[in-house]
Amino acid sequence: MAGRYAPRPTRATVRGGHVAVPAARPATTAPAVTAPAAPATTAPAVTAPVAPAGAASAGLAATAPAAPAAPRTRTWTPPWPLDLGLVLGPLRRGPADPTFRTAPDGSVWRATRTPEGPGTLRVAARGGTVGAEAWGAGAEWLLDRLPALLGAEDDPSAFTPRHRLLAVTERRRPGLRLTRTGLVMESLIPSILEQKVTTTEAYRAWRLLVRKFGEPAPGPDDRLYVMPEPRAWAMVPSWEWHRAGVDAKRSDTVMRAVRVARRLEEAAAMEPEAARRRLELIPGIGPWTSAETVQRSNGAPDAVTTGDYHLPSIVGHALAGRREADDAEMLELLAPYAGQRHRAARLILLSGRIPPRHGPRFTPGNIAAL
């Protein structure tokens, strides 16, 4: 959970290319051959098709790539300060996430699979107004749910800080809202990949699998990919999971989840606790994974993450000076924020009050080398 909420800008690049036309070979004259005389016949003239300029040397006509269709657009003015990085940052799975990109101009690009099909969304905030563009079959779906994505269904006024650290952080981060994507699988699958491994290992697995088995996102940005549909996830061979560093326990959990993907997607419309109970019916999905999912899909303000390797010590250090805190002590410290415990944890992470490290970093495994 820690350290996943600030999108990192990436450098925009423009790539172009030119197909050189090979020079025509000089004509050669074959030696004359004398044949017996035969009656003269006139054959119909055959006209060979002329390849356009720039055709490849293999003889196939080169075709220019089709320009992306014009995007659908929408503008929306939120009645509160909005920080795109804070709101949408939890949707990014690492700095090289192929489904998420932050442009140098501050706009956020997101590619996802909606109930209507693949879609790409670009969101930019200027002068208190949000402008959005969307491409693909899921464009209308994404634009319709833009306010919920940016926190319109969240209610920060329900949160009352009871520690000075949280009061100061809340005042310094007025643009923080909890996103609600309305999509379960796009958060569930990467959360499964993050079980019991370092974030570096999980981000690598997500990146490799999405780029190999997903599809290029609609729209002008050819660096974005849409994650695979459930059937494509189910068809990933065992050796590809192995190459991505995903052990059998996690890959089997993904396989079980995608078989009932439609039923799991229904959880996005449920109350967070009911949604978590439905997700946890799948063997291999426990409280950690369900909380990480509904925080994003349902915008759940109370879905605190238990079973995390770092979060209990961070909360314990920030609120009680106890870096050795476990889940039970973390929940006790967050009890005054019942109903808003996830928001309290987010504010603690944003405060920067992190306990100092006293040992080496955990060494990532590499099952692909086995």
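Modeller: Over residues 2-65 the pLDDT stays under 50, pLDDT being the predictor's confidence in each residue on a scale from 0 to 100. For this stretch the model has 54 contacts beyond four places in sequence, a contact being heavy atoms within 4.5 Å. Where pLDDT is low, the predicted coordinates should not be read in detail. Across the protein the mean pLDDT is 85, and 78% of the residues reach 70 or more.

The model is predicted, so local features need pLDDT of at least 70 and side-chain atom pairs count only at pLDDT 80 or more, while totals for chains, interfaces and linings use all residues. Residues are numbered from 1 along each chain as its sequence is written, and side-chain values use heavy atoms, with hydrogens and water left out.

The protein has 15 helices and 7 strands; helices (H or I, at least four residues) and strands (E, at least two) are DSSP runs, numbered from the N terminus. Of its 370 residues, 44% count as buried, meaning under 20% relative accessible area, against over 50% for exposed and in between for partly exposed (1.4 Å probe, protein chains only). Among contacts with a separation of 6 or more, 68% are between residues 24 or more positions apart.

Helix α13 spans residues 311-320 and is mostly covered, with 8 of its 10 residues buried. These are L311, P312, S313, I314, V315, G316, A318 and L319. The cover over them includes α4 (164-172), α14 (327-334) and α15 (341-351). Just after α13, G321 has a positive phi of about 70°.

T305 counts as buried because its relative accessibility is 0%. The T305 side chain makes two polar contacts with side chains: one with E292 at 2.9 Å and one with Q295 at 2.8 Å. A polar contact is a pair of N or O atoms within 3.5 Å; within protein, one must be able to donate a hydrogen and the other to accept it, and residues adjacent in sequence count only if both atoms are side-chain atoms.

V304 sits in the loop between α12 and α13 as well. With a relative accessible area of 4%, V304 is buried. Apart from neighbours within four places in sequence, V304 touches R276, A291, Q295, M330, L331, L334, R341 and H342. V304 and M330 are 26 residues apart in sequence, and their C-alpha atoms are 9.8 Å apart in space.

On a 1 Å grid over the protein atoms alone, a cavity is a set of points where a 1.4 Å probe fits but cannot get out, and a pocket is an open set with protein on both sides within 12 Å along at least five of seven lines; lining residues have an atom within 4 Å of a point. Grid points are joined across faces, edges and corners, and a volume is the space filled by probe spheres set on the points. The whole structure has 3 cavities of 30 Å³ or more.

The second largest cavity has a volume of about 70 Å³. It is lined by 10 residues, of which P90, T179, Q295, H342 and R346 are closest to its centre. At least two lining residues come from each of α12 and α15. The lining divides into 4 nonpolar, 3 polar and 3 charged residues, where Ala, Val, Leu, Ile, Met, Phe, Trp, Tyr, Cys and Pro count as nonpolar, Asp, Glu, Lys and Arg as charged, and the others, Gly among them, as polar.

For comparison, the largest cavity holds about 130 Å³ of space. Its lining has 15 residues, with L91, T99, A111, E186 and W206 nearest the centre. Two or more of the lining residues come from each of β3 (108-114) and α5 (185-193), and β3 gives the largest share, 4 residues. This lining has 6 nonpolar, 3 polar and 6 charged residues.
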